[in-house]
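This report describes a sheet, the helices around it and the nonpolar cores. The sequence and structure are shown first.

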Amino acid sequence: MKKLGIIGGLGPMATAYFFELVIQMTDAKTDQEHIEMWIHNAPFIPDRTSYILDHTKENPVYPMILSGRELCRMGAEWIAIPCITAHYFYRELTESFSVPVIHMVEETVLHLKENKKSRIGIMATDGTAASGLFQTELERNQMEWILPEKERQQEVMELIYQDIKAGKPVDMDKFYRVADQLQKKGAETIILGCTELSLIKRDYSLEGSYIDTMDVLAKRSVELCQARLKESYQCLITQ
């Protein structure tokens, strides 16, 4: 099996959940059949959305590069970054590493395409939405996309920053107001396009069709590192 390096701490709880998912998805009968992983939990990395929206803020790409290079030095053969907004810097990161980085956005859209979804809602940070990461990839695959309207997008940000990152209870009324708007606009499936939103899926039984980008990253980590994937994780879209 190949070794996995994880640039973590973006945020810390999401990183811990990603580690758990990789183990949970691996069809292993013994300890030795699990993937060897190194996690650099680096919560000091500046906020990605803040920089994307205002380039006068501290650029997070440089500490991410240092983190990834250290993981490569330790022997990582694939790099995973459980933070969607960090993929805004994907080109700079891949050019700085000696090993490939798993692209959460591309892999998520590919999974949707393989499962014949064509009209997709996006719940993500302002930074991810403004960067067009999902929109560009969906369009490249001839798929339609829907973003929340301004008031609902503000509620997505409150869920991520004021609830989950702050360690407070999640306001599920806000979550469902956003999801309901996207569904009424015709979304067949909603992308949980921030790894903090993955923690909502972990802790609550969601109503409707969703795809969690963290699930996708964990699945592809198992496959690319050549471990066995449990059959129950072949399709990651909830119904």
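## Helix α5 and its cover

Contact here means heavy atoms within 4.5 Å. In this predicted model, helix α5 spans residues 104-114, and its buried residues are M104, V105, E107, T108, V109, H111 and L112. The elements that cover these buried residues include the strands β4 (119-123), β6 and β7, together with the helices α7 (133-140), α10 (195-203) and α11. An α-helix has 3.6 residues a turn, so residues three or four places apart point the same way. Just after α5, K116 adopts a positive phi of about 60 degrees.

## The parallel sheet

The sheet is open and consists of four strands, arranged in the order β5-β4-β6-β7 with parallel pairing. Because β5 (144-146) and β7 (210-212) stand at the edges and each has a single partner strand, one side of each is left without a neighbour in the sheet. From one strand to the next, the twist averages 30 degrees.

Strand β6, residues 189-192, pairs with β7 in the parallel sense over three bridges, and I191 stands opposite I211 in β7. Helix α11, which comprises residues 213-224, lies across β6 and β7 and runs at about 50 degrees to β7.

## Nonpolar cores

The largest nonpolar core contains 60 residues, and those with the most contacts inside it are L4, F18, M25, I35, M123, F175 and I200. Leaving aside residues up to four places away in sequence, I35 touches M1, K2, L4, V22, S221, V222, C225 and A227. A second core, separate and made up of 21 residues, includes W38, A76, I79 and L93.

Conventions
Residues are numbered from 1 along each chain as its sequence is written. This is a predicted model: local features need pLDDT of at least 70, side-chain atom pairs count only at pLDDT 80 or more; totals for chains, interfaces and linings use all residues. Side-chain values use heavy atoms; hydrogens and water are left out. Two strands pair if DSSP finds at least two bridges between them. Helices (H or I, at least four residues) and strands (E, at least two) are DSSP runs, numbered from the N terminus. Axes are lines fitted to C-alpha atoms, for helices over the stretch in contact, and angles run from 0 to 180 degrees between N-to-C directions. A nonpolar core is a set of buried Ala, Val, Leu, Ile, Met, Phe, Trp, Tyr and Cys residues joined through side-chain atoms within 4.5 Å. Buried means under 20% relative accessible area, exposed over 50%, partly exposed in between (1.4 Å probe, protein chains only).
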